[in-house]
Amino acid sequence: MALPTLNSSRYPATIPSTGQKVEFRPFLVKEEKILMVAMESKDTGMMISALKDIIQACVFDKLDVDQLTSFDLEELFLRLRSKSVGEKVSIQLKCSECGGMTPTEVNLDEVTTSEVSEQKHIMLTDKVGVEFAYPSVELVSQLDFDPDETTGEEQLAITEALIKSCMVNVFDADNVWDVSTQTEEELNDFIDGLNSAQFAKITEFFGSIPTLTHTVKFKCISCGHPNELEIKGLESFFI
C-alpha cells in the first residue's frame with residue numbers, strides 16, 4: 001500500500017512586474033535538494049535554472065517562468081523561502097566604522113521589492129525616445145558574465161545586446177517604429193549613432209531595475225558603532 005500524500009498550505013503572492021496574483025505552496029525536500037546542489041555549484045546559470053524549476057513546481061497558477069523579470073524571480077523565491085524554511089535569517093553585515101562583521105537577524109516578510117516604475121520611455125532628444133521592457137530571467141541568464149574574466153569590449157557588446165533585446169519601439173512626435181520589425185543592422189546603426197549622454201540615459205534605466213531591498217539597523221559587536229545599512233538583491237539575504 002502506498003504511503004499517504006501530505007497536503008501543503010497555500011499562500012498568496014504578487015508578481016511585481018504585472019501585479020498578477022498567484023498562489024504557491026512551500027517547497028518540499030526534493031526541491032530543497034535541487035536548491036542546495038545549485039548553491040554549492042556557485043554557478044549563476046545553474047542557480048537561476050534551479051530557482052525557475054522550483055517556482056514552476058510550487059506556483060499553482062499558470063506561469064511562464066522564462067518571461068518573469070529578475071525581480072519577479074527574486075520576489076517569488078523570497079516568499080517561497082519564507083514559508084518553506086522560516087521568515088527569519090541571520091546574515092553577516094559589515095560595520096561602516098571598523099569593518100568588523102556582525103550577525104544580524106532579518107525578517108524576510110519585511111523585505112520588499114523597490115518600486116516598479118510604469119515609466120519605461122527614455123527620451124534621447126526633445127523629440128525622439130525609446131520604450132523599453134524589463135529584461136526577462138531567460139535573457140539575464142543568457143547574458144550573464146564575470147566582469148573579472150570579460151574584456152571591456154566584450155562587456156560593451158553584452159550591454160548592447162541587452163539594450164537591443166529590451167527595446168520595444170522607437171518613437172518621435174509623428175511615428176512609432178516597432179523594434180521587432182527592424183533588422184539587426186538597423187538596430188546596430190541606431191545604437192552606434194547614440195552619443196555618450198544618450199547611451200548613459202539608457203544604461204541608467206537598466207541600473208534602476210527594481211530589486212529586493214531592506215534597511216537594517218545594527219550595532220557593531222566589535223566597536224559598538226550604530227549602523228544603518230540598505231541591503232539589496234536576493235543574494236544579500238542569504239550570505
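Author: A residue is called buried when its relative accessible area is under 20%, exposed when it is over 50%, and partly exposed in between, with a 1.4 Å probe and protein chains only. By that rule, Phe132 and Phe205 are both buried. This is a predicted model, in which local features need pLDDT of at least 70 and side-chain atom pairs count only at pLDDT 80 or more, while totals for chains, interfaces and linings use all residues. Residues are numbered from 1 along each chain as its sequence is written, and side-chain values use heavy atoms, with hydrogens and water left out.

Reader: How many helices and strands does the protein have?

Author: Helices (H or I, at least four residues) and strands (E, at least two) are DSSP runs, numbered from the N terminus. The protein has seven helices and eleven strands. Of its 239 residues, 37% count as buried. Its C-alpha atoms fill a box of roughly 65 × 60 × 35 Å along the principal axes.

Reader: How many aromatic pairs does the structure hold?

Author: Rings of Phe, Tyr and Trp (its six-membered ring) pair if their centres lie within 6.5 Å; planes under 30 degrees apart count as stacked, over 60 as edge-to-face and the rest as tilted. The structure holds seven aromatic pairs. In one of them, the rings of Phe132 and Phe205 have centres 5.4 Å apart and planes at 25°, so this pair is stacked. The pair links distant parts of the chain, with Phe132 in strand S7 (residues 129-132) and Phe205 in helix H7 (residues 196-207), 73 residues apart.

Reader: Which arrangement do Phe132 and Phe206 form?

Author: Phe132 and Phe206 form an edge-to-face pair, at 5.6 Å centre to centre and 80° between the planes. Phe132 lies in strand S7 and Phe206 in helix H7, so parts 74 residues apart in sequence are tied together. Phe206 is buried, as is Phe132. Ring pairs join Phe71, Phe132, Tyr134, Phe205 and Phe206 into a cluster.

Reader: How many salt bridges does the structure hold?

Author: A salt bridge is a side-chain nitrogen of Lys or Arg within 4 Å of a carboxyl oxygen of Asp or Glu. The structure holds eight salt bridges. In one of them, the side chains of Lys52 and Glu138 meet at 2.9 Å, N to O. Lys52 lies in helix H2 (residues 44-58) and Glu138 in helix H4 (residues 137-142), so the pair ties together parts 86 residues apart in sequence.

Reader: Are Lys52 and Glu138 buried or partly exposed?

Author: Lys52 has a relative accessible area of 12% and is therefore buried, whereas Glu138, with 26%, is partly exposed. Lys52, Asp66 and Glu138 are linked in a network of salt bridges.

Reader: Which side chain meets that of Glu184 in a salt bridge?

Author: The side chain of Lys164 does, at 2.7 Å, N to O. Glu184 lies in helix H6 and Lys164 in helix H5 (residues 152-166), so the pair ties together parts 20 residues apart in sequence. Lys164 is buried, with a relative accessible area of 16%.

Reader: Where is Leu234 found, and is Leu234 buried or exposed?

Author: Leu234 is in the segment after strand S11 (226-232). Its relative accessibility is 11%, so Leu234 counts as buried. The C-alpha atoms of Leu234 and Asp43 are separated by 15 Å, the two residues being 191 residues apart along the chain.
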